Amino acid sequence: MSELKIIKSDNKELRKKLNKDDRNFMMEVGFYLDRYQLSSFEYSDIMNQILRDVISKSDKDKILWDTIENPTEYCDQFLIGKVKKSKSFKEEIILMLILFTTLTSLYVLMMNFTTSIPEVYVKEGTFVLTIGMSIKVLSIQLFSLVPIIIIRNKPFDQNRYKVRFLSVQALSLFFALLLGSIMEYSFVVNVDKYLIYGIVLIGMTILSIKRKLI
């Protein structure tokens, strides 16, 4: 077994020693570490150091949110010499557009193969793309990305883990999906099948490479 797998296995066992609140705290630690240019080994190794340290400092009458007074400064002690990730606004926009295009193409494939699209819109050699499909993909993408942006700008916010029956984000997603359903066939285009296949293949390749690099 490789050293990385051993450390990951050890981290898993160490997490089991924490209560729910402390595991939530360590989840925030993970989000914070992800801001830095760390290899898989470096990430797991630093997480291992932090897990061992917080467990040694644990107090049965206190949770880590109360024990660690300044979480960012605490984590920075383990990140000395590490460089933060830096992506320009232009790079972020390009990556979001690639993600949106790839997910939309995947959704087009799924919808054309698994649902009954009215024959009036179907043309040989093409897939049907509707405005509703685009709205649904965009809303799900934003629903997934907005929490990440919030976490990035406001780390270690314990309020994120409070149970809410409804949230602004959940309501926004619901109404966006509803809008997509209402407008489903208000604008329809036929896209060449091979173009959709090509976009999916190229998009997945780019996203896979980017994931390994960041």
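Modeller: A nonpolar core is a set of buried Ala, Val, Leu, Ile, Met, Phe, Trp, Tyr and Cys residues joined through side-chain atoms within 4.5 Å. The model is predicted, so local features need pLDDT of at least 70 and side-chain atom pairs pLDDT 80 or more, whereas totals for chains, interfaces and linings use all residues. Residues are numbered from 1 along each chain as its sequence is written, and side-chain values use heavy atoms, without hydrogens and water.

Biologist: Which residues touch the most other members of the largest nonpolar core?

Modeller: The largest nonpolar core holds 23 residues. Those that touch the most other members are Phe25, Met26, Val29, Leu33 and Ile50.

Biologist: How many residues does the second core have?

Modeller: This core is separate, and its members include Leu109, Ile117, Val128 and Val191. Its number of residues is 13.

Biologist: With which residues is Phe25 in contact, leaving aside its neighbours within four places in sequence?

Modeller: Contact means heavy atoms within 4.5 Å. With those neighbours left aside, the partners of Phe25 are Leu64, Trp65, Ile68, Pro71 and Phe156.

Biologist: Why is Met133 classed as buried?

Modeller: Buried means under 20% relative accessible area, exposed over 50%, and partly exposed in between (1.4 Å probe, protein chains only). Met133 is buried because its relative accessible area is 1%.

Biologist: What is the relative accessible area of Ile150?

Modeller: Ile150 is classed as partly exposed. The reason is its relative accessible area of 38%.

Biologist: How far apart in space are Met133 and Met183, C-alpha to C-alpha?

Modeller: In sequence, Met133 and Met183 are 50 residues apart. In space, their C-alpha to C-alpha distance is 9.2 Å.
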